[in-house]
Amino acid sequence: ISFYDISKALSLEKMQSDFVANASHELRTPLSVISGFIDTLQTTAKDDDDARDAFLDIMREQTDYMSMLIEDLLSLSRLEMAQDKELKDKVDLHEVIDDVTQALKIKAFNRSLNVVVNELNRIPKIIGDNQQIHQILQNIVDNAIKYAQENSQITIELKTVEEIPVAGGQNVAQGKAVRIAVNNKGVKIDKENLARLTEKFYRMQIHKDMKIKGTGLGLAIAKQIILHHRGNLTVTSTTYNGTTFTIYLPVKQK
């Protein structure tokens, strides 16, 4: 009698199935919009210069959204398929945060936001995947800028802590960790929305109403990376202090 553990294969198969289903669903709307405008431009609006310019602008927006969505979907799929990848880079968080803040400098300036980085104690290099950690911080800081109130401040605070707090039965690494807290002064997020922020494709209705662009995958990608690093992510939100995303990453994988 032979026994084979096929749970991993079944899990990968489900991931692939979910990926295709989610991609199909999310791409259907922009494709329908673009198709509808093409039909209109070929018929009733064929000789209408104003309509053509307006429709082309909308088609460009929808195309940009699809490109962003496809990139996020592929990124998430790669992460889910690479959960067993060895983490061995020596990551300098100072360099990563400097790269991220420089890349988002113009975006913050355009919204009159001041980005401040505070280091509360000595921050060691950590063992992980440099590219993935860069992506976590890029996503979190970009969201902080996107959803902050104009003329306010984004604060990124780094601190070494003795251990990672456990939540929801997660398998976190033991020993020292680095805590990275990213705070913005945005609208308070209620408990119901807080609980769903890292769900794939989930976006708050208020952000949709404000026409803030996004795929709803940035935080799902961040969560996947943090789980891969055996870290943790917590989110708090209050009326007086805005929203704080706190990332815990272990100094060593053990």
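Figure 1. Lys146 forms a salt bridge with Asp142, and the closest N and O atoms are 3.9 Å apart. The model shown here and in the other views is predicted. Lys146 and Asp142 are four residues apart in helix H5, which means that about one helical turn separates them. Both Lys146 and Asp142 are buried. For Asp142, the relative accessible area is 17%; this residue counts as buried because the value is under 20%.

Figure 2. The side chains of Lys107 and Asp142 meet in a salt bridge, with a distance of 2.6 Å from N to O. Lys107 belongs to helix H4 (residues 105-110) and Asp142 to helix H5 (residues 130-147), so the pair ties together parts that are 35 residues apart in sequence. Lys107 is partly exposed, at 33% relative accessibility, whereas Asp142 is buried. A network of salt bridges links Lys107, Asp142 and Lys146. As a general point, side chains of opposite charge can pair when their charged atoms come close.

Figure 3. Asp49 and Arg52 form a salt bridge in which the closest N and O atoms are 2.9 Å apart. Both residues lie in helix H2 (residues 49-81), where they are three residues apart, about one turn of the helix. Arg52 is partly exposed, with a relative accessible area of 32%. Asp49 also counts as partly exposed, at 45% relative accessibility. In total, the count for the model comes to six salt bridges.

**Figure 4. The packing of helices H5 and H8.** The axes of H5 and H8 are 9 Å apart, and the two helices pack at an angle of about 145°. The crossing of H5 past H8 is left-handed. On the H5 side, the residues that meet H8 are Gln132, Gln135, Ile136, Asn139, Ile140 and Asn143. On the H8 side, the residues that meet H5 are Gly218, Leu219, Ile221, Ala222, Ile225, Ile226 and His228.

**Figure 5. The position of Lys223 in helix H8.** Lys223 is placed in helix H8, which spans residues 218-228. This lysine is partly exposed, with a relative accessible area of 36%. Between Lys223 and Ile136, the separation is 87 residues in sequence and 8.1 Å in space, taken from C-alpha to C-alpha. Ile136 is one of the H5 residues that meet H8.

Figure 6. Strand E6 (residues 232-238) and strand E7 (residues 242-250) run antiparallel and are joined by seven bridges. One of the bridge partners is Gly242 in E7, which is paired with Thr238.

**Figure 7. The chain as the setting for the close-up views.** The chain contains eight helices and seven strands. Of its 254 residues, 42% are buried. Its accessible surface comes to about 15,000 Å², and carbon and sulfur atoms account for 51% of that area. Among contacts between residues at least 6 apart in sequence, 76% join residues at least 24 apart.

How values were computed:
Residues are numbered from 1 along each chain as its sequence is written. This is a predicted model: local features need pLDDT of at least 70, side-chain atom pairs count only at pLDDT 80 or more; totals for chains, interfaces and linings use all residues. Side-chain values use heavy atoms; hydrogens and water are left out. Buried means under 20% relative accessible area, exposed over 50%, partly exposed in between (1.4 Å probe, protein chains only). Contact means heavy atoms within 4.5 Å. Accessible areas come from the Shrake-Rupley method with a 1.4 Å probe; for residues, only the protein chains shown count as cover. Two strands pair if DSSP finds at least two bridges between them. A salt bridge is a side-chain nitrogen of Lys or Arg within 4 Å of a carboxyl oxygen of Asp or Glu. Axes are lines fitted to C-alpha atoms, for helices over the stretch in contact, and angles run from 0 to 180 degrees between N-to-C directions. A crossing is left-handed if the near helix is turned anticlockwise from the far one by less than a right angle, and right-handed if clockwise.
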